[in-house]
Amino acid sequence: MKVPYISLGLQHAPIKAEILKRIEKLFDTGQFILGEEVQTFEKRFAKLSQTKYALGVANGTDALFLSMLALGIGKGDEVITAPNSYLASASSIALIGATPVFADIRDDFNLDPAKVEKAITSKTKAIIAVHLTGRPAPMDELLQMAKKYNLHIIEDAAQAVGAEYKNKPVGGFGITGCFSLHPLKNLSAAGDGGMITTNDDKVYQYLVKARNHGLKSRDECELWSYNSRLDNLQAAILNVKLNELDKWTLRRREIASVYQQKLKGLDMVVPLDKSYEKAVYHTFIIQTPYRNELQKFLLENEIETKVHYPIPIYLQEAAKSLGYKKGDFPVTDRQVETILSLPVFAELTNQQANYVCDKIIEFYTSKKSGTKTNLSAAGK
Ligand SMILES: *Cc1c(COP(=O)(O)O)cnc(C)c1O
């Protein structure tokens, strides 16, 4: 049985006709930039996020960058984020002119509030709280800390559309929520796209201009700014896909639950939901001491897996000038060696998910004479 890591073709098959019809209309009107489809999508996205506003931008990285621009963050400032995230959580900080500062994570791949507190200095202006893998970051602790030290929280919700923390959707906890609509994210355009959510009138008014050349009307420019708009064409596609999102999320969670039940008891850490979390499983990442061997075995059995991410941001060449060295973030370092992302997407069948588990169990059974590691204990 073949199990691909993801299949966008399968996702698009049942909705392609509707998408093409919607796009055809745009070719008749020629309304390609910031048109009605964008406005509709923004309204619907704000509703989904339970925020006052949602604003379409060109991609998730711009969502982060523009959020910091709106807050006046720049040279001399520090912003704390997670070293195991996708690199854009940090590159956006560097690009705004500030210094990315990393704090280690917990076993659920999200920031450890105690480590964040240690990383705060007089220069710290904000924390980018990443909801990595589609699991909400510990928002209560981070928001408390932000209040105590007078910092902003920016949510990097690029992987977490539809996720909830204590029954409230992500994107409404921080001053802004930043989403990516990249083709591989849970809700995706046919190309790049991003969203910023906020409840703050001032930030919203600023961002409306900042994403569009600093224009306050068609002909009046209030400030020099960027061109970071969401295409109407992409919004048309997203409006069709948004109808499916709840169903897709439910399905991702069902697959996660198959993995959680069947992989229980093996010498590995399996991601689990806390009672107050609704994770959307952008990725389902296990931690196993046999990562490379297992990945190879699964591939031999036509099961495709990935590693998110094999090089932590702080060890990237681009991060050299920040002065970090291997060993600075022990939890991140341990995970880099052990993480393996199993296939999880709405069109994956239970049969396929069960097959993945069966093969993993088979691999572990063949290992039974090997020495036990203490990884599962470390993961508690
Ligand atoms: C994908 C991603 C981004 C960047 O989004 P783009 O749309 O690719 O610019 C930022 N942060 C995280 C955690 C991501 O997964």
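Biologist: Which helix gives the largest share of the lining of the largest cavity?
Modeller: This is a predicted model. In it, the largest cavity holds about 90 Å³ of space. Of the 14 residues that line the largest cavity, those closest to its centre are Asn84, His308, Tyr309, Val336 and Ile339. The largest share of that lining is three residues, and they come from helix H12 (residues 330-338).

Biologist: How many charged residues are in the lining of the largest cavity?
Modeller: By class, nine residues of this lining are nonpolar and five are polar. The count of charged residues in the lining of the largest cavity is given as no charged.

Biologist: Is the peptide bond from His308 to Tyr309 cis or trans?
Modeller: Most peptide bonds are trans. Tyr309 lies in the loop between helix H11 (291-300) and H12. The bond from His308 to Tyr309 has omega near 0 degrees, and it is cis.

Biologist: Which residues lie nearest the centre of the largest pocket?
Modeller: The largest pocket has a volume of about 530 Å³. Its lining has 14 nonpolar, 11 polar and five charged residues. Of the 30 residues that line the largest pocket, those nearest its centre are Tyr86, His182, Lys185, His282 and Tyr309.

Biologist: Which helix gives the most to the lining of the largest pocket?
Modeller: Helix H4 (60-70), helix H5 (88-95) and strand S8 (176-180) each supply at least two residues of this lining. With three residues, the one that gives the most is H4.

Biologist: Why does the largest pocket lie between domain 1 (8-242) and domain 2 (245-378)?
Modeller: The lining of the largest pocket takes residues from domain 1 (8-242) and also from domain 2 (245-378). The largest pocket lies between them because residues are given by both domains.

Biologist: Is the crossing of H4 and H8 right-handed or left-handed?
Modeller: The axes of H4 and helix H8 (residues 201-210) come within 10 Å and cross at roughly 120 degrees. That angle makes H4 oblique to H8. The crossing of H4 and H8 is right-handed.

Biologist: Are H10 and H13 roughly parallel or roughly antiparallel to each other?
Modeller: The axes of helix H10 (residues 245-262) and helix H13 (residues 350-366) cross at roughly 25 degrees and come within 10 Å. The crossing of H10 and H13 is right-handed. Angles under 35 degrees count as roughly parallel. H10 and H13 are therefore roughly parallel.

Biologist: Is the crossing in which H3 passes H9 left-handed or right-handed?
Modeller: Helix H3 (residues 36-49) and helix H9 (residues 232-242) pack with their axes 8 Å apart, at an angle of about 40 degrees. H3 and H9 are therefore oblique to each other. The crossing in which H3 passes H9 is left-handed.

Biologist: Is the phi of Gln50 positive or negative?
Modeller: Most residues other than glycine have a negative phi. Gln50 is found in the loop between H3 and strand S1 (53-57). Gln50 is not a glycine, yet its phi of about 55 degrees is positive.

How values were computed. Residues are numbered from 1 along each chain as its sequence is written. This is a predicted model: local features need pLDDT of at least 70, side-chain atom pairs count only at pLDDT 80 or more; totals for chains, interfaces and linings use all residues. Side-chain values use heavy atoms; hydrogens and water are left out. On a 1 Å grid over the protein atoms alone, a cavity is a set of points where a 1.4 Å probe fits but cannot get out, and a pocket is an open set with protein on both sides within 12 Å along at least five of seven lines; lining residues have an atom within 4 Å of a point. Grid points are joined across faces, edges and corners, and a volume is the space filled by probe spheres set on the points. Helices (H or I, at least four residues) and strands (E, at least two) are DSSP runs, numbered from the N terminus. Ala, Val, Leu, Ile, Met, Phe, Trp, Tyr, Cys and Pro count as nonpolar, Asp, Glu, Lys and Arg as charged, and the others, Gly among them, as polar. Domain bounds come from an automatic or database domain assignment. Axes are lines fitted to C-alpha atoms, for helices over the stretch in contact, and angles run from 0 to 180 degrees between N-to-C directions. Angles under 35 degrees count as roughly parallel, over 145 as roughly antiparallel, 65 to 115 as roughly perpendicular and the rest as oblique. A crossing is left-handed if the near helix is turned anticlockwise from the far one by less than a right angle, and right-handed if clockwise.
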